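Some words used for protein models rest on simple cut-offs.

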Amino acid sequence: MLIVENIEVFYGDAQALDGVSLQIEEGAIVAIVGANGAGKTSLIRTIAGMLSAARGRILYRGTDITRWPSHRVCDLGIGQVAEGRQVFPTLSVAENLAMGAMLPRARHSREQNFEKVYAMFPVLMERRHQAAGTLSGGEQQMLAIGRCLMGAPDMILFDEPSLGLAPAIVQSVLRCVRDLNRDGLTCVLVEQNVAVSLKLASHAYVLENGRITIAGSGETLLADDRVRKAYLGL
Amino acid sequence: MPTDIYLNVAVSGVLTGLVYGLMALGLSVIFGVVRVVNFAHGEMTTVAMYLAVVLFATLGLDPLLMMLPIAGVLFVFGYAMQRWLINPFISRPEHSQFILLVAVAIILANGLLIVFGPDARSVQTSYAFDSFMIGPLIVDATKTFAGAAAIAVAAALFAFFRFTRLGTAIRACADNYTGAQVVGLNVPRLYALTFGLGAACVGAAGAMLALITDVTPPLGPSFTLLAFVIVIVGGLGSMPGALAGGILIGVVAAMAGLFYTPSAKGMFVFAILVLVLLFRPQGIFGRRA
């Protein structure tokens, strides 16, 4: 569904990604794990069109989307739940959700998607007139996921969806990722919660210093000594 | 002096101030969303004034009727300018943007000078000397129309931002740039739309200013400065603040002219600016950062 070929990304002189290649199959949950600063967010943002690759190619369902602007990438059906949630703090919950449905692909299904999101997260329905900035961290994460679903994506890039949340809420966010996948959405999951994300994932990549160092099924990586030592503390 | 005259001058100051407030509103909207300071704001105002003057002189079209068409022309100009000139500068340092917009200002001012020469132009309508009597109050008809139109345009803009999806999308860009990219809003296009709307405020205000004052090509920088003062006094990024700041500055200027001397208006206007910066730096309607 998505093929990333040898991409290199720079911030000024600093290289964030150094020849990263990966492949994401339709219907999969693919985990990308790695330490802080390994390039996980750069990878997500490059796929999403918010950063521009200096070299390499990104193909989505056969279309070359390398260096496409983010609004065109989104309209192809690649949604993003970004690091830090990135809600619009002064807009109401309902307005935030409506912004997710501004994409041409999502306009005709706006009303159904509103119902779907409110059914999935009833708390957003209760707080629909409240400014998003006044929500708790967990509620903001639900809003970020709901807003992404309003864009009717076929694939969602999750960037650290559990960062800074209470353990009970982390569970429900990850369960939500699993449920969305069962409903047919392809998910890319960047998580610092390595054990849980590898258990969820059908396939996983380890990113270190801007390169993929280990790749394999989630189970294989969970059993891999290097992964166990470096990321699971075993 | 009879007391009526104070009231008359104050009302006149309020009405003129509303028109200046509308011009400043354009600056505030552009800065609030695009985070670019439009140093060509005053020159765009003079361009709109000349449009009103030319339409009146050649076709006899009343500036009050031409207000919306002129706003439309300025919208297109502002949209194009943001889309093709400023957007490539968005991620560059502020001084590059400053030089770019000062260049635009210089080109506009000198373009006007080439076309119209240095003489002052004005519009003389049939109702230029009409006035309404309300009890002891004598209100200038032109300024009444202009002030009412300024309120109407500002209210329409406010409603657009508040109640339409496109307006909400522009507020979303101002709220969280990264978030706007994440949901796939077309940020460059929304920025162009915002600059166009700010320029349209300038167009409407310029058409009305042509009724109130004479226009010469080098008038631009003083309008830009006035818009700055109004926006800072009213509160940067606040829409009601820009109108309130315009009213305050309009009244202060009118009173300064009455009590002291018209040539000292600027001194009192800047005194207000200094007082606001000292005692309420976020402006009257501004929120603390």
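Q: What makes chain A a chain of two domains in this predicted model?
A: Chain A is divided into domain 1, covering 2-77 + 154-231, and domain 2, covering 87-151. The bounds come from an automatic or database domain assignment. The C-alpha centres of domain 1 and domain 2 of chain A lie 23 Å apart.

Q: How do you know that domain 1 of chain A and domain 2 of chain A are in contact?
A: Contact means heavy atoms within 4.5 Å. In domain 1 of chain A, 15 residues are in contact with 11 residues of domain 2 of chain A. The area buried between these domains is about 990 Å². Carbon and sulfur atoms give 74% of that area.

Q: Why is the pair A:Arg105 and A:Asp154 called a salt bridge?
A: The rule asks for a side-chain nitrogen of Lys or Arg within 4 Å of a carboxyl oxygen of Asp or Glu. For A:Arg105 and A:Asp154, the closest N and O atoms are 3.5 Å apart. The pair therefore meets the rule. Across the interface of domain 1 and domain 2 of chain A, the rule finds 1 salt bridge.

Q: Which elements give two or more residues to the side of domain 1 of chain A that touches domain 2 of chain A?
A: They are helix 2 (70-75), strand 7 (155-159) and helix 7 (167-182) of chain A. Helix 7 of chain A gives the largest share of that side, 4 residues.

Q: Why is B:Thr45 called buried?
A: Buried means under 20% relative accessible area. B:Thr45 has 0% relative accessibility, so B:Thr45 counts as buried. B:Thr45 sits in helix 2 (residues 41-59) of chain B. Leaving out residues up to four places away in sequence, B:Thr45 touches B:Met23, B:Val202, B:Gly206, B:Leu209 and B:Phe223.

Q: What covers the buried residues of helix 2 of chain B?
A: The cover includes helix 1 (3-34), helix 3 (63-86), helix 4 (94-116), helix 8 and helix 9 (220-234) of chain B. Among the buried residues of helix 2 of chain B are B:His41, B:Glu43 and B:Tyr50.

Q: How do you know that the span of helix 2 of chain B agrees with 1.5 Å a residue?
A: Helix 2 of chain B has 19 residues, so the helix should span 27 Å. Its end C-alpha atoms are 27 Å apart, which agrees.

Q: What makes helix 8 of chain B mostly covered?
A: In helix 8 of chain B, 23 of its 26 residues are buried. Helix 8 of chain B reaches 37 Å from its first C-alpha to its last, close to the 38 Å expected.

Notes: Residues numbered from 1 in each chain as written. Chains lettered and ligands numbered in written order. Predicted model: local features only at pLDDT ≥ 70, side-chain atom pairs only at ≥ 80, totals over all residues. Heavy atoms only, no water. Buried < 20%, exposed > 50% of the residue type's maximum accessible area, 1.4 Å probe, protein only. Expected span 1.5 Å × (residues − 1). Buried area = accessible area lost by both parts, 1.4 Å probe.
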